[in-house]
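Colleague: I have a model open and want to learn how to read it. Where do we begin?

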Amino acid sequence: MEEIEFRYDTQLLLDVENPSDDVEDELDEYIRGHFKGDSLLVIADEDENGVTTAKLHFHTNEPWLVLEYCRSLGEIYDIVVEDMVRQSRGLKG
């Protein structure tokens, strides 16, 4: 069985308060520079009401740190943290 280095598949939506024009790049750079993990994906879009929502996907061993950081930027919701080690054993993640 392949060893999983970063155990928790962490996903969330973030309504960004005071977003910059480069919110995707800023989130990506901060997370890569401050948290250990891989498989980072950040996609942001502004809706018709001017709210910028970012979708984040990241594999890490410390998802609570990522959640804490994202919460400092705005409202987080649709949070999913799945244990990929448990999933690899056929258990609910």
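This is a predicted model: local features need pLDDT of at least 70, side-chain atom pairs count only at pLDDT 80 or more; totals for chains, interfaces and linings use all residues.

Colleague: Now helix 2. How do I read its sides?

Modeller: Start with the general rule. An α-helix has 3.6 residues a turn, so residues three or four places apart point the same way. Then list the buried residues of helix 2: Pro63, Val66, Leu67, Tyr69 and Cys70. They lie on the same side of helix 2 because they cover an arc of only 165 degrees around the axis.

Colleague: Which exposed residues does the face turned away from that buried side carry?

Modeller: Trp64 and Glu68.

Colleague: And what do the buried residues of helix 2 pack against?

Modeller: Strand 1, helix 1, strand 3 and strand 4 (74-83).

Colleague: Let me try single residues. Is threonine 60 buried or exposed?

Modeller: Check relative accessibility; buried means under 20%. Threonine 60 has 2%, so it counts as buried. It is found in strand 3 (residues 52-60).

Colleague: What does threonine 60 touch?

Modeller: Not counting residues up to four places away in sequence, Phe6, Arg7, Tyr8, Thr10, Lys36, Gly37 and Val66. Look at its side chain too. A polar atom there lies 3.2 Å from the backbone nitrogen of glutamate 62.

Colleague: How does serine 39 read?

Modeller: Serine 39 sits in strand 2 (residues 37-46). Its relative accessibility is 39%, so it counts as partly exposed. Leaving out residues up to four places away in sequence, serine 39 touches His57, Phe58 and His59. Its side chain also makes a polar contact of 3.5 Å with the side chain of aspartate 38.

Colleague: How far apart are the C-alpha atoms of serine 39 and threonine 60?

Modeller: They are separated by 9.0 Å, with the two residues 21 apart along the chain.

Methods: Residues are numbered from 1 along each chain as its sequence is written. Side-chain values use heavy atoms; hydrogens and water are left out. Helices (H or I, at least four residues) and strands (E, at least two) are DSSP runs, numbered from the N terminus. Buried means under 20% relative accessible area, exposed over 50%, partly exposed in between (1.4 Å probe, protein chains only). Contact means heavy atoms within 4.5 Å. A polar contact is a pair of N or O atoms within 3.5 Å; within protein, one must be able to donate a hydrogen and the other to accept it, and residues adjacent in sequence count only if both atoms are side-chain atoms. The arc is that of the directions from the helix axis to the C-beta atoms.
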